[in-house]
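Hi,

Here is the structure I said I would pass on.

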Amino acid sequence: MANIQLQRGQNQQIDVAYKLANATNPLPLNTTHSNGAPSFDAELVIRKKRGDSFMGQIIDVLRHGATTPASSESDSRILFGYTASSTNPPSDGTNIQLKWSTAQASLLPNEDVTVYGDLKIFTLSDGGVREQTAHHIRLTFDIKTEITS
């Protein structure tokens with residue numbers, strides 16, 4: 001998989017296609033329990049690498065839904081865009097969207113740098129409690145410098 005290009009200071013949406021091995025359609029993540037509660041939650045922590053370690057400086061955090069206490073910088077920046085009941089799954093296979101507003105993208109470092117993130121997708125109980133990490137995706141981002149006056 002190629003690195004994902006992020007432009008500092010630019011409103012942008014990254015569409016991710018996540019399918020299980022040998023699957024035809026993208027994994028339906030926008031599903032709910034019988035009481036209407038979501039079945040999945042997600043979090044993406046993006047970090048600089050420190051030597052051989054992925055535990056360097058945190059660059060950004062994106063979350064699906066809202067957290068308690070609320071964090072406007074992180075909450076509702078991961079969207080699940082495909083449900084199992086959809087009769088027309090997206091032709092490009094995208095089922096996850098990562099979002100940066102102009103303000104959020106302006107908080108990225110203003111340097112050409114490669115950073116890494118682990119997108120973790122958790123199963124949720126019908127009461128909204130995280131149960132376990134169901135899916136884990138390593139993503140690599142190239143942040144591009146914003147030219148300013």
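Predicted model: local features only at pLDDT ≥ 70, side-chain atom pairs only at ≥ 80, totals over all residues.

**What I found**

Zooming out, S3 and S7 sit in an open sheet of five strands, ordered S1-S8-S7-S3-S4, with mixed pairing. Strand S1 (4-7) and strand S4 (58-63) are at the edges; each has a single partner strand, so one side of each has no neighbour in the sheet. From one strand to the next, the twist averages 30 degrees.

S7 and S8 form a hairpin with five residues between them, and Gly 128 in the turn has a positive phi of about 85 degrees.

**The core**

Which residues have the most contacts inside the largest nonpolar core? They are Ile 96, Leu 98, Trp 100 and Phe 141, in a core of 28 residues. At least two core residues come from each of S1, strand S2 (12-17), S3, S4, strand S5 (78-80), strand S6 (94-100), S7 and strand S8 (130-144). As background, nonpolar side chains in soluble globular proteins tend to be buried together.

Leaving out residues up to four places away in sequence, Phe 141 touches Ile 4, Leu 6, Leu 44, Ile 46, Leu 98, Trp 100, Val 113, Thr 114, Val 115 and Gly 117.

**Rings and charges**

There are two aromatic pairs in the structure. In one, the ring centres of Phe 54 and Tyr 116 are 5.2 Å apart with the planes at 80 degrees, so the pair is edge-to-face. Phe 54 is in the loop between S3 and S4 while Tyr 116 is in strand S7, so this pair ties together parts 62 residues apart in sequence. How accessible are the two? Phe 54 is partly exposed at 32% relative accessibility, and Tyr 116 is partly exposed too, with a relative accessible area of 21%.

Trp 100 and Phe 141 also form an edge-to-face pair, 6.1 Å centre to centre with 70 degrees between the planes. This pair links distant parts of the chain, with Trp 100 in strand S6 and Phe 141 in strand S8, 41 residues apart. Both Trp 100 and Phe 141 are buried.

The charged end of Arg 138 sits over the ring of Phe 54, 4.2 Å from its centre. Over the ring of Tyr 116 sits the charged end of Lys 49, 5.5 Å from the ring centre.

**After S8**

Is Ile 147 buried or exposed? Ile 147 lies in the segment after S8 and is exposed, with a relative accessible area of 81%. Ile 147 is 88 residues from Ile 59 in sequence, and the two are 19 Å apart in space, C-alpha to C-alpha.

Cheers

Terms used. Residues numbered from 1 in each chain as written. Heavy atoms only, no water. Pairing = 2+ DSSP bridges. Helix = DSSP H or I, 4+ residues; strand = E, 2+ residues; numbered from the N terminus. Axes fitted to C-alpha atoms, helices over the stretch in contact; angles between N-to-C directions. Core = buried A, V, L, I, M, F, W, Y, C linked by side-chain atoms within 4.5 Å. Buried < 20%, exposed > 50% of the residue type's maximum accessible area, 1.4 Å probe, protein only. Contact = heavy atoms within 4.5 Å. Phe/Tyr/Trp six-rings, centres within 6.5 Å; stacked < 30°, edge-to-face > 60°. Lys NZ or Arg CZ within 6 Å of the ring centre and 35° of its normal.
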